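Me: I am new to reading protein structures. Could you take me through one, feature by feature?

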Amino acid sequence: MASRSFQDTSVIHCGDNLTILSQLPSDSVDVIYLDPPFFSNRHYEVIWGDEAEVRSFKDRWQGGVYNYVDWMRERIREMYRVLKPTGTFFLHCDWHASHYLKVMLDNDIFGETYFRNEIVWSYKRWTSSKRTLSRLHDTILFYSKGKTYFLEIPTVANTNPNPSQYVSAKDDTGRTVVARDDAGRPIKRSMSERIQLGDVWEIPLMSPVSKDRLGYPTQKPPALMERILTMASKPGDIVLDPFAGCGTTLTVAQKLRRRWIGIDISPTACEVMRRQLSMLGADVKVEGLPQNVAQLHALEPFEFQNWVINRVNGTHSTRKTGDMGIDGFSWLVHEPIQVKQSERVGRETVDKFETAVERNYASMAPDTKGKLRKGYIIAFSFGRGSHEEVARARLEKNVDIELVTVQELLDRSHPLTQQAGNIFDNLAPLPPRDAATLPSVDELAQSDERAVAEDAGPYDSN
Ligand SMILES: C[S@@+](CC[C@H](N)C(=O)[O-])C[C@H]1O[C@@H](n2cnc3c(N)ncnc32)[C@H](O)[C@@H]1O
């Protein structure tokens, strides 16, 4: 297998950023923007619903805010190392930990001399708390690595009401009067006057109907990233986002002709970004995603399920995993899919899935009974009993269950992966899982321990 290149740009690295950052070359990046998961007091903070993200979530949480700061410190040390001596650094945080992080950055990483601004990103939204004032801003801590750095501060329209319509001047006695031109006419102030951008930025949250909105709750508005990147970088500069999420920084960098590198621990996030950037025409490489059966075996169950559903460009079931035995639906035609991270899937699994398929079609249209109803089980391998059961279901129940191996998905040789004529790479990113179907942190932790070879039954012969 070709080794990963840590020198390249247009690369999304899938993995813990601590490990990835430690392999990036020193002094190589112009701008770092990071929007890490906040140290927020919510019990659930799962965005992608895969275990890699949740393990990371648990690491950050155990031990309270100082543990969170330690977790961030070791990563930011690496970011500092990879930043060019002329590079700049933007850390996006909210009120929970911004003050702890500022002290850490001043004392342990950049030094307070290199602190440049506390940018307040102010936005409007409806909040209903009666015991606190509405929280209507995030904080972005801006540092430079050295004394010399690139910053082109934009001007913005002066939206403050003008205190006077006329320009003022002093007369011979020192009194303030209205200034006049040579013809004695009062000089009017220009209302379109532009002023230098300050440190409070009013940028709306992403509108629910924005064409850029992918539906992930932590997605940041492209306008915010545009402002940071146009101000702090030039075309061709290298931008790094080590907590890249659904890729707002990277897509804005691509549009502004900056080079970019993204890192995210979640394979699902990496897949969403790959599609976003491919749609913009970028020649994207994703490093660190599972490439073979052994790596897919090693994935945690939810990650494996996400991988399969993404691979067929399907949609996730709107119920929690395991319910009714349907984990997702195929692209366009919406046929039910069950995902098993198992070898030698047996008769019993097919039997249960057959019932689930019947129920699924019955709930959609009661008159489908006489028609052939189709579904797929996707697993590493199937025992002989499962093939016999498939034949019986077809003959007796008019239910057509197709057994698909993971290898066929890896090779993209199965029609499920080709239904769109292999245009999946350029399809819009999949919508996020419905919040109600996301597993809780506890459920994800439990699934770590779940046995995966649950289906190797007595009927199986291979
Ligand atoms: C708040 S989101 C970033 C959202 C992003 N700014 C956007 O606009 O889409 C934080 C991301 O950090 C990722 N993450 C959490 N822990 C990580 C780690 N240790 N290494 C890399 N990524 C991590 C999560 O998977 C999540 O996608």
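Me: Let me begin with the open sheet. What is the order of its five strands?
Reply: Strands of a sheet pair through backbone hydrogen bonds, either parallel or antiparallel. In this predicted model, the open sheet of five strands runs β14-β15-β16-β17-β18, and its pairing is mixed.

Me: Which are the edge strands?
Reply: Look for strands that pair on one side only. Here they are β14 (315-316) and β18 (399-405).

Me: In what sense do β16 and β17 pair, parallel or antiparallel?
Reply: Strand β16 (residues 336-339) and strand β17 (residues 373-379) pair in the parallel sense, over three bridges.

Me: Now β4. How many bridges join β4 to β5?
Reply: Seven bridges link β4 (residues 115-122) with β5 (residues 137-144), and the two strands run antiparallel. Find Ser122, then look across to His137 in β5, which stands opposite. Strand β4 is also joined to β10 (residues 200-202), by three bridges, and that pair is parallel. There, Val120 has Val200 in β10 as its bridge partner.

Me: On to helices. How many helices and strands does the protein have?
Reply: The count comes to 13 helices and 18 strands.

Me: Which residues of α3 are buried?
Reply: First the general idea. An α-helix has 3.6 residues a turn, so residues three or four places apart point the same way. Now the case: Tyr68, Met72, Arg75, Ile76, Met79 and Val82 are buried in α3.

Me: Why does Asp27 count as exposed?
Reply: Count its neighbours. Asp27 is exposed because it has 12 C-beta neighbours inside 10 Å, and the cut-off for exposed is 12 or fewer. Asn398 has 15 such neighbours, so Asn398 counts as partly exposed.

Me: Then why is Arg347 buried?
Reply: The cut-off for buried is 20 or more. Arg347 is buried because 22 other C-beta atoms lie within 10 Å. Arg347 belongs to helix α10 (residues 347-364). Arg347 and Glu388 are 41 residues apart in sequence, but 7.6 Å apart in space, C-alpha to C-alpha.

Me: What share of the protein is buried?
Reply: Of the 462 residues, 37% are buried.

Me: Which residues touch the most other members in the largest nonpolar core?
Reply: That core has 53 residues, and the ones to find are Ile32, Phe90, Leu91, Leu141, Leu229 and Met273. Leaving out residues up to four places away in sequence, Ile32 touches Met79, Leu83, Phe89, Phe90 and Leu240. Another core, of 27 residues, lies apart; Val339, Val350, Phe353 and Phe382 are among its members.

Me: Last, the ligand. How many residues surround the ligand, and which are the closest?
Reply: There are 21 residues around the ligand, the closest being Asp35, Thr218, Phe243, Gly245 and Thr248. The elements that give two or more residues to this shell are α2 (51-61) and β12 (259-264). By type, the shell divides into nine nonpolar, seven polar and five charged residues.

Terms used
Residues are numbered from 1 along each chain as its sequence is written. This is a predicted model: local features need pLDDT of at least 70, side-chain atom pairs count only at pLDDT 80 or more; totals for chains, interfaces and linings use all residues. A residue is near a molecule or strand if its C-beta atom, placed from the backbone, lies within 6 Å of it. Helices (H or I, at least four residues) and strands (E, at least two) are DSSP runs, numbered from the N terminus. Ala, Val, Leu, Ile, Met, Phe, Trp, Tyr, Cys and Pro count as nonpolar, Asp, Glu, Lys and Arg as charged, and the others, Gly among them, as polar. A nonpolar core is a set of buried Ala, Val, Leu, Ile, Met, Phe, Trp, Tyr and Cys residues joined through C-beta atoms within 7 Å. Two residues are in contact if their C-beta atoms, placed from the backbone, lie within 7 Å. Two strands pair if DSSP finds at least two bridges between them.
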